[in-house]
Structure formats: structure tokens, C-alpha cells
Amino acid sequence: MKILPFRAVIAAATLIAIAPATYAKDADAPVTEAELADHIRILSSDAFEGRGPGTEGEDRTIAYVVGEWAKAGLEPVPGSATPWLQGVPLIETQATGGTATFRVGGGELAFDADGIVLTGRDASVSLAGVPVVFVGYGVDGAGRVNADVKGKLAIMLFDSAPFGDTLPRYRERRQMLADAGAAGVLVIATDAVPWPQLRDAAGGKVTRLASAKSGAPVTGFLSPAAADTLFRKAGQNGAALREAAQAGDYRGAALSATADIRATATVRSYESNNIIAKLPGAKPDGKAVLFLGHWDHLGICAPDDPKDRICNGAIDNASGIAVLIEVAKRLAGGARPDRDIYFMATTSEEKGLLGARWFADHPVVPLADIIVALNIDTIAISPRGTPVATIGRGKPAYDAVVRAVAETLGRKIDDDGEADSFLQRQDGWALGAKGVTALMVGGSFSDMPLLEKFLGSDYHEPADAFSDKIPLGGAAEDADLHVALGRAFADTRRWAGDAK
């Protein structure tokens with residue numbers, strides 16, 4: 001863990017010093033839209049510069065969250081090297097140039113930035129005459145690498161594999177191909193994510209855990225149109241290849257092509273932080289409840305735009321941190337729950353769930369002791385009265401508690417399963433992969449049209465800034481829901497801690 005920057009220490013100390021030790025507020029009072037708005041307005045202000053990890057925006061975020069949690073009565077985790085913080089070592093790679101030329105059909109085929117984005121693992125990478133193979137989703141129905149990729153350029157589909165709901169996401173599949181010896185991995189963009197948006201994001205800085213396995217020497221993305229052009233030049237039909245890849249026993253297809261690739265990059269090591277606090281239980285039994293949500297966003301995302309350079313991340317995920325703060329106030333302000341409750345604001349979710357993955361590998365509380373992790377992300381989407389959906393549902397005892405708590409609050413349950421598609425796209429996935437029951441509960445993932453409208457417009461753009469138009473009614477209801485869920489799971493009489 002690193003020492004908290006001096007300016008952040010001073011800011012946090014100031015916040016704590018000017019406030020009472022705990023909030024003098026009725027712990028049973030509903031969370032209000034105004035309370036959430038106050039936090040979101042601050043956390044998504046330009047002063048926080050989009051809350052980019054490793055920036056002054058991180059320092060300000062740490063100071064604010066620590067200050068609010070300390071005022072609520074939470075404590076730093078005992079024995080932590082740096083109180084309130086868990087250092088997360090990261091390596092950032094910034095692509096500075098790259099070219100790819102395919103020798104196919106007796107000629108050469110090259111793509112510009114409109115068709116391909118390349119990132120080298122090291123400062124300089126050069127590949128020559130590398131065979132090209134299309135691997136579909138990169139894994140078979142059993143989750144194993146499905147083709148011989150050693151020394152080859154593997155071209156893989158971005159989308160989740162249709163033949164297994166629990167199969168790895170593209171980042172994990174890409175790493176599996178690297179582990180199998182791929183010289184490079186190019187991912188074909190999905191139509192669900194606009195190519196310009198993906199191209200701009202992938203063409204920026206790529207971050208990984210310093211402890212992570214080395215990826216392939218070259219990685220990148222191909223636009224769907226560029227991929228189809230390459231397939232056609234190699235005598236293949238893109239639609240037919242995608243169709244064949246739908247089978248769980250697909251073994252890939254060697255293309256009549258080789259690739260020459262050059263890529264340059266700058267590489268920087270730095271440390272960011274998870275923010276972790278503890279609410280000691282009144283009757284601790286060795287089990288714990290964990291609330292989490294990511295504090296980070298994209299930072300200064302448009303350096304050449306003189307009008308608006310900052311991706312403020314009001315909905316994604318200042319809204320989630322606002323809810324974590326208010327949930328902490330309620331749970332700490334009333335009768336103390338039986339069990340210990342931990343609160344964690346993770347770093348670098350936007351870069352691949354990195355803070356959550358680091359915590360899962362280096363937990364400050366044994367993972368086996370966490371009876372449930374409740375993740376809060378992108379919560380300010382829906383209005384009051386929206387039914388409750390659960391990402392991570394499927395364990396009857398947990399589902400029953402969620403249903404009972406929601407119905408007690410007058411909420412309906414949405415169990416149509418549409419939210420399941422987001423299982424691997426949120427921090428709970430990193431914990432679930434280690435055996436922790438991780439749930440994301442609320443209305444934002446119940447109303448798919450509203451969520452998709454956000455994902456197709458303000459999401460990851462400077463437009464995700466605070467305004468009075470953000471619907472906070474549903475977020476306030478979901479905050480009350482999480483207070484009730486925290487009390488239910490932390491009650492040793494209501495929840496034994498070993499149910500499935």
C-alpha cells in the first residue's frame with residue numbers, strides 16, 4: 001500500500017475535523033434524492049477531473065469518500081498498512097504507433113485507424129510473416145482454448161460465447177490465447193458497441209495489474225467491416241465463419257494469410273487504491289457483509305476537445321458511491337448490526353475490474369467469511385416504482401431474502417433474466433469467480449430500454465455529467481433497499497451465513 005498523498009490527507013482530515021463524529025440523522029429515515037444529488041454533484045464535478053486512477057482526481061475522491069465514511073462512524077480496516085486504503089499496483093501502456101499489413105490473395109492488405117487499433121505489450125514489438133487463424137470465441141463449450149494458436153495471430157469475436165453463460169469474457173479469453181502461445185490477438189468488435197467508441201477507447205491507454213500474466217506481444221481490435229474484408233480476401237465468408245463459431249465444438253479456421261505487425265508504446269508503472277472501511281458488528285460471528293462500488297471513471301477523456309475534456313461519470317459511477325455513503329450512514333447510525341460490514345470503493349473497474357480483481361486475490365477479510373457482496377454500479381437510471389432485478393441470481397436462499405426485503409418495501413421483483421447479460425461486466429464478477437456470492441440488486445438493470453438508452457448516449461462520454469435531469473428517485477429507493485438488505489444479511493438470527 002502506498003502512503004496517501006499529502007494533499008489528500010489534509011483534505012480528508014479537514015473534512016473529518018469540521019464534522020461531528022457521526023451523522024445525527026434518523027437511521028430509519030429514507031434516503032432522499034437531495035442527499036444523493038449532493039454527493040454526485042461533488043464527485044462528478046470538474047474539480048475531480050473524471051476520477052482517473054493515478055491522478056489528482058483520485059486523491060480528491062479518496063479524501064471525499066474517507067471523509068464521509070469517517071463522519072458516518074466507519075473505521076479503517078485494522079492492521080492496514082495505510083489506513084482506509086489498499087494499494088493496487090498497475091502498469092499502463094499507451095500506444096504510440098502501429099502498422100499491420102496482411103499478405104493475402106497474392107497481394108497486400110493494410111488497414112488505417114478506421115479499421116484496426118493495435119497495442120504492443122512492450123515499448124517496441126515487431127512480428128513478421130505470422131500465420132493468421134480465426135478462432136471464433138477462442139474457447140469451446142468446456143471453456144478450453146479451441147485452436148492451435150502458438151506463434152500465430154488469432155482473430156477472435158468480442159461477443160460472449162452463445163454456448164455457455166459462464167464462459168469467460170473477451171479479456172479472459174484473450175489472455176487464454178496468449179497463454180497458449182499466440183503471437184498476437186485481434187478482437188473483432190461487436191455491433192453492440194459502436195466502432196468509433198470502441199476504437200477511441202482501445203486506442204488510448206491500456207492498464208493491467210502489475211501482477212497479471214503477460215498478454216500476447218500484440219493485441220488490438222478490428223472493426224467488423226475490416227474483419228469481413230480480410231476474410232473475403234482470404235477466400236472466406238465472414239457471416240459463415242461467425243455462424244460456424246456458434247458451435248461449442250468449433251475448432252477455428254486457418255486463413256490463407258500472414259501478417260506483418262509493428263507496434264510502439266510507452267509503459268508506465270503506478271499505484272492506485274481501493275478505499276476500504278469497516279463497520280464493526282455488535283455480535284460478530286466471523287462472517288461479514290461487503291458493499292462495494294467503483295469510484296473510478298475515465299478522467300480527462302478528450303484532450304483535444306476545448307469545450308469539454310472531462311468524462312465526469314455522474315451516473316457511472318458517482319451515483320453508486322453516493323449510495324454507498326448513504327447506506328453507510330444508515331447502517332452506522334442506528335442499532336448496530338450483528339455482523340461486521342465492510343464498504344469498498346474500488347479502483348480501475350473501467351479498466352477491467354482491476355481493483356476488484358486485486359481485492360479478490362489479496363482480500364483484507366477472508367473471502368470465505370464474506371456471506372454476500374452487494375455491488376452498486378450505474379444506479380441512477382430508473383424512476384421510482386421500477387421493479388427489482390438481480391444480477392447474480394440463482395441461489396434460492398439468497399433470492400428469497402432479496403424478494404422478501406423488496407416486497408417489504410413495496411417493490412416488485414423482475415425475474416425475466418434480462419439483467420443476466422451484465423453478470424461479467426461488473427465488479428461482483430471478480431469476487432464471484434473466487435466463490436463469493438456477489439449480487440447487484442436494483443431497478444437500473446430492470447428497465448432495459450432506459451439502460452440501453454443511457455449506454456447508447458451519455459455512457460463513457462463527457463455528457464455523463466451531473467444535471468437535475470438525472471432520475472434519482474429509483475436510486476433513492478435502491479439505497480433504501482440496500483440498507484434493508486445489509487440489515488437482513490448481517491442479522492445472525494435471520495441469516496445463518498451458510499445458506500446456498
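Is arginine 493 buried or exposed? Arginine 493 counts as exposed, because its relative accessibility is 72% (buried means under 20% relative accessible area, exposed over 50%, partly exposed in between, with a 1.4 Å probe and protein chains only). The residue sits in the segment after α13 (473-489).

The model is predicted: local features need pLDDT of at least 70, side-chain atom pairs count only at pLDDT 80 or more, and totals for chains, interfaces and linings use all residues. Residues are numbered from 1 along each chain as its sequence is written, and side-chain values use heavy atoms, with hydrogens and water left out.

The protein chain holds 13 helices and 17 strands. These elements are DSSP runs, numbered from the N terminus (helices are H or I, at least four residues; strands are E, at least two). The C-alpha trace spans about 75 × 50 × 40 Å along its principal axes. The radius of gyration of the protein chain is 23 Å, which agrees with the value near 23 Å for a compact globule with 500 residues. That radius is taken over C-alpha atoms, and the globule rule is 2.2 Å times the number of residues to the power 0.38. Of the 500 residues, 55% count as buried. Among contacts with a separation of 6 or more, 83% come from residues 24 or more positions apart. Contact here means heavy atoms within 4.5 Å.

The largest nonpolar core has 74 residues. Such a core is a set of buried Ala, Val, Leu, Ile, Met, Phe, Trp, Tyr and Cys residues joined through side-chain atoms within 4.5 Å. Helix α8 gives the most to this core, with 12 residues. The residues with the most contacts inside the core are Trp69, Leu74, Ile275, Phe291, Phe343, Leu485 and Phe489. With residues up to four places away in sequence left out, phenylalanine 343 touches partners including Trp69, Leu74, Ile275, Phe291, Leu324 and Leu331. Another core lies apart from the largest one; it has 37 residues, among them Phe134, Ala227, Ala234 and Ala259.

One disulfide is found in a search of the whole structure (a pair of cysteine sulfur atoms within 2.5 Å). It joins cysteine 301 to cysteine 311, with an S to S distance of 2.1 Å. The torsion about the S-S bond is about 85 degrees, so the disulfide is right-handed. Cysteine 301 is in the loop between β12 (299-300) and β13 (310-311), and cysteine 311 is in strand β13, 10 residues apart. Cysteine 301 counts as partly exposed, at 30% relative accessibility. Cysteine 311 counts as buried, at 1%.

A cis peptide bond joins aspartate 316 and asparagine 317, with omega about 5 degrees. Asparagine 317 lies in helix α8 (residues 314-333). Tryptophan 84 is not a glycine, yet its phi is positive, near 80 degrees. It occupies the loop between β1 (75-76) and β2 (85-104). Tryptophan 84 counts as buried, because its relative accessibility is 13%. Leucine 353, also not a glycine, has a positive phi of about 60 degrees. Its place is the loop between β14 (340-346) and α9 (354-361). At 3% relative accessibility, leucine 353 counts as buried.
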